[in-house]
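Here are some notes for a colleague who is opening this structure for the first time.

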Amino acid sequence: MSSLSFYELKRKALKKYFGRMNEKQKEAVFAVNGPVLVLAGAGSGKTTVIVNRIANMINFGDAYYDDSYQGSAEDCRFLENYINGSDADLEQLRETIAVRPIKPWNILAITFTNKAAGELKERLRTLLGEDGDNINAATFHSACVRILRREIDKLGYQSSFTIYDSDDSQRVVKACMNELGVSEKQFPPRSVLSEIGFAKDRLMEPEDMAEDAANDYRRTVIAKIYREYQKKLFASNAVDFDDIIKLTVKILNDFPETLEYYQNRYKYIMVDEYQDTNQAQFRLVSLLSSKHNNLCVVGDDDQSIYKFRGATIENILSFEKQFVGSRVIRLEQNYRSTQTILDAANSVIKNNSSRKPKELWTDSGQGDKIIWYKAQDERDEASFVASKVMEYVKNGGRFGDNAVLYRMNAQSNLIEQAFVKSGVPYRVFGGMRFYDRKEIKDITSYMAVINNNNDSLRMRRIINEPKRGIGDSTLALLDDITGDLGLTPLEVMRNADEYPMLAKKSAALKKTAAIFDYLAEFADENPLDKFFDELLKKTGYLEYMKSLGDEGITRLENINELKSTIISYMEDAEEPSLNGFLEEIALYTDIDKMDADADAVVMMTVHSAKGLEFTNVFAVGMEDGIFPSGRCFDSEEELEEERRLAYVAITRAKERLFLSSASQRMLFGTTQRNFTSRFIKEIDKNLIEKKDNTIVGKSDKPPVQAVKSMSLQQQLAKNKSKSVPSASAALYSAGERVKHNIFGEGTILSVKQMASDAMLEIAFEKVGTKKIMATFAKLQKI
């Protein structure tokens, strides 16, 4: 019999159960009650902590710290056996030591992205089974949408409200400005919408904004636009992204009984990426947690990089002041990167003053030195990146292990060109969002109007797509009538012949209304995928796409991809519905759909890369004026934000980090000569291996035109035909066997003439089928 007490045995048993975690992680897992701040450094396993903390809450409750029960001799014997490994009965362990275990439905776990929420749900389901499905793991927006669907009628909206994306919102802003006689040149709609968004993040109503503006003409005008904007949204039974949280907070503020309901529902709240919260999100969390005071936030002040979206680093820096009696736990052991990479990150971020001190470390080894490539210009930089990727693949690596990170999307162009020339497959994130493509917006607008008849904005978009003879003047009259009579567009269209102003177009309007009525009834009686097919046929959109030739084929491919998304949604959702699908895609970003197994280099901005990791990272454009941005030089606060962004870029790398700068760079049509980034200079020189290519001399390559990602191959071929004549197209034919320096041996499947070059489609034995330009392929016939 052990001399240890039941309390001591219980603690040893719990440490064994969570034995794969380090001591600091365990400390966070066992801290169940009260306010807790977990400062999780980059790569410190915070998702593991969140998942295991929830598992501890459900399985064992406050067992680790509770000493109220002394346990029986039989309990002690079981715990000794469990600790020694002779008994691993989890159910008996729970029955023996659990103290006030928490019900899964009393836990709200908030993350910032759908991808993170999905991964959290999957890991909880794997670890906890059915209990994992009962935990509400969601993004801020999806958690609030769930509340709004149930409660928004308290504010006069209907539960079938539509969520407008930024494009929709900008259209509404333009309409408001037009009605108010405000010049778009003087007040760019995008900027106006941004100002309105910031006001909503601060929970300001139009009246608050007007009062705050005082004698500031610009802000006074924007406050007027804000007021009209909100009126139009309300009339359309629509909300924008910022409304989702703001209106939820308003309901919880104004209706005490509703607040109490959700406080009792969510007695334990966890928030991931807390450093990225804004004032509205802080207020939401504060309200929900104020009754039971069980709030655990996880974040890293050194990774607070979303100030431009309204995030305030003060939320995490002031947590202990805002929540009295807080426990602070630091996770500094890194499981991602080499010590060299961590030392570089530490040496950069320590130059910030607004931070909570922490020092990342790892026991995974020192690793390779960081490569700093000093290029002649941006083309030399791009060639370096492409050559290093090809060298890595030639030595047995995958393209998908590599990521190119840049400060601005505009920097991707030359690197894309270099990849195309070298036959490097790649994916660009941060370009046009899938759901922003015209054909996708059209189809989802049809669905939105069927779901919410008040949605006049979406109705205006697709009433004449395809053409139905309903012009702008008729739409303007329709808007006037719906506004004056308080009717939906469909209600007016159904009875268009009763309105003299619409008499000439009454037949077209009534026919269009009949299509919507038919589809609404069809949607109620059929599954979503069948409804989708019927919508394409009944609206004439399918035939319209077919009539567009090659362009229509490409768009139909996108529409078919939308159907694939619908089918996936139907498989995953408990109760699939049109409303549910529209809600899901409204909160979707392209990063959420990133396939980590795809063998292609990833290209994205550093902001988009947060939360991701790659074996090799190329951080390009490391020059003052680019990274850090030239906009930050007059503000220490802005410079610290840029430094945090550099810290994020560095800590994305697992094994190798490449930094590159250029002695001169053409950007936005102007040649710039920038100093090397101060962030490179802040890294300990002993950690860096410098490769200086500027001594070779100025690049003598001919200038190339900017290209678009959607048709890089064709544009490059076109550019080459003007500057570098070639007979490559005639050198190859289908069926020939060739050998590539990287991809090995393969058979040419097709040769497509492109100006004075050719695109070769080759089936390689090792890597599958690739499409590469003949001139740059450097093939050897065998």
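1. Contact here means heavy atoms within 4.5 Å. Once neighbours within four places in sequence are set aside, Q333 is in contact with N22, G43, S44, W361 and D363.

2. Before going further, please note that this is a predicted model, in which local features need pLDDT of at least 70 and side-chain atom pairs count only at pLDDT 80 or more, while totals for chains, interfaces and linings use all residues. Residues are numbered from 1 along each chain as its sequence is written, and side-chain values use heavy atoms, with hydrogens and water left out.

3. Q333 is placed in the loop that runs between strand 8 (327–331) and helix 18 (339–349); helices (H or I, at least four residues) and strands (E, at least two) are DSSP runs numbered from the N terminus. Its relative accessibility is 12%, so Q333 counts as buried, a term that means under 20% relative accessible area, with exposed meaning over 50% and partly exposed in between (1.4 Å probe, protein chains only).

4. Which side chains make polar contacts with the side chain of Q333? One is the side chain of N22, at 3.3 Å, and another is that of Y335, at 3.5 Å. A polar contact is a pair of N or O atoms within 3.5 Å; within protein, one must be able to donate a hydrogen and the other to accept it, and residues adjacent in sequence count only if both atoms are side-chain atoms.

5. The whole structure holds 26 aromatic pairs, where rings of Phe, Tyr and Trp (its six-membered ring) pair if their centres lie within 6.5 Å, and planes under 30 degrees apart count as stacked, over 60 as edge-to-face and the rest as tilted. Among them, F18 and F30 have ring centres 5.8 Å apart and planes at 75°, so this pair is edge-to-face. F18 lies in the loop between helix 1 (6–17) and helix 2 (23–30), and F30 in helix 2, twelve residues apart; both are buried.

6. F618 and F658 form a stacked pair, with 4.5 Å from centre to centre and 10° between the planes. Because F618 belongs to strand 13 (residues 614–619) and F658 to strand 14 (residues 653–662), the pair ties together parts 40 residues apart in sequence. F618 is buried at 2% relative accessible area, and F658 also counts as buried, at 10% relative accessibility.

7. Finally, ring pairs link Y17, F18, F30, F60, Y64 and Y65 into a cluster.
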